[in-house]
Amino acid sequence: MASWYLGKIRYQKEDEAGSLKTINEVYLVDAVSYTESEARLYKQIVTGASEFSVMSISRMRLADLFAFEEGEQWFKAKVIYFSVDEKSGKEKKIVNYMLVNADGIQQALDRINESMRNFLIPYETTDIVLTPILDVFPYTAEEDEQEIPANMRPLSEVKAERAEAIPE
């Protein structure tokens, strides 16, 4: 399950009049820790500004994220469903938050319903709120692939060389 972190950055940008304007932006990053989320923000963000700083990082509780090709804005939806507790037999209310990109609130609601059409338990979307999130950076396996520095070789090659060098 993904761990989502909300990163807020600040930088200064020169406007058309030539004066410096402070810009605040919010991004969502999938990471395993606050430290990794900050590192990924510095790696991913290209603002056109020579310097920016990460002002805050906070954890965002999300049950699911629905990303579509089209949709400029990110909406956070509160989805409630009821589950029966096996031990007591009582019905309990479960609240989940989901994020979806869309061009408007109605489209966001339609996309949540479309994404959850196979959900077997009846649910209700109670709130949909526009977020300030500009972009979402989910984890990809390609980020783990790092180039081996020129002065290092894979361990398998070194072991093979040693095995050949040892006389039998």
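Aromatic pairs, then: a search of the whole structure finds five. To pair, rings of Phe, Tyr and Trp (its six-membered ring) need centres within 6.5 Å; planes under 30 degrees apart count as stacked, over 60 as edge-to-face and the rest as tilted. This is a predicted model, where local features need pLDDT of at least 70, side-chain atom pairs count only at pLDDT 80 or more, and totals for chains, interfaces and linings use all residues. Residues are numbered from 1 along each chain as its sequence is written, and side-chain values use heavy atoms, with hydrogens and water left out.

Take Tyr42 and Phe52. Their ring centres are 5.2 Å apart and their planes at 25°, so this pair is stacked. Tyr42 belongs to helix H1 (residues 34–44) and Phe52 to strand S3 (residues 52–60), so the pair ties together parts that are 10 residues apart in sequence. Helices (H or I, at least four residues) and strands (E, at least two) are DSSP runs, numbered from the N terminus.

Is Phe52 buried or exposed? Buried means under 20% relative accessible area, exposed over 50%, partly exposed in between, with a 1.4 Å probe and protein chains only. Phe52 has 16%, so Phe52 is buried. Tyr42, with 39%, is partly exposed.

Next, Phe119 and Tyr123. The centres of their rings are 6.0 Å apart and the planes at 75°, so the pair is edge-to-face. Phe119 is partly exposed at 33% relative accessibility, and Tyr123 is partly exposed at 25%. Together with Tyr81, Phe119 and Tyr123 form one aromatic cluster.

Last, Glu72. This residue sits in the loop between strand S4 (64–66) and strand S5 (73–84). Its relative accessibility is 68%, so Glu72 counts as exposed.
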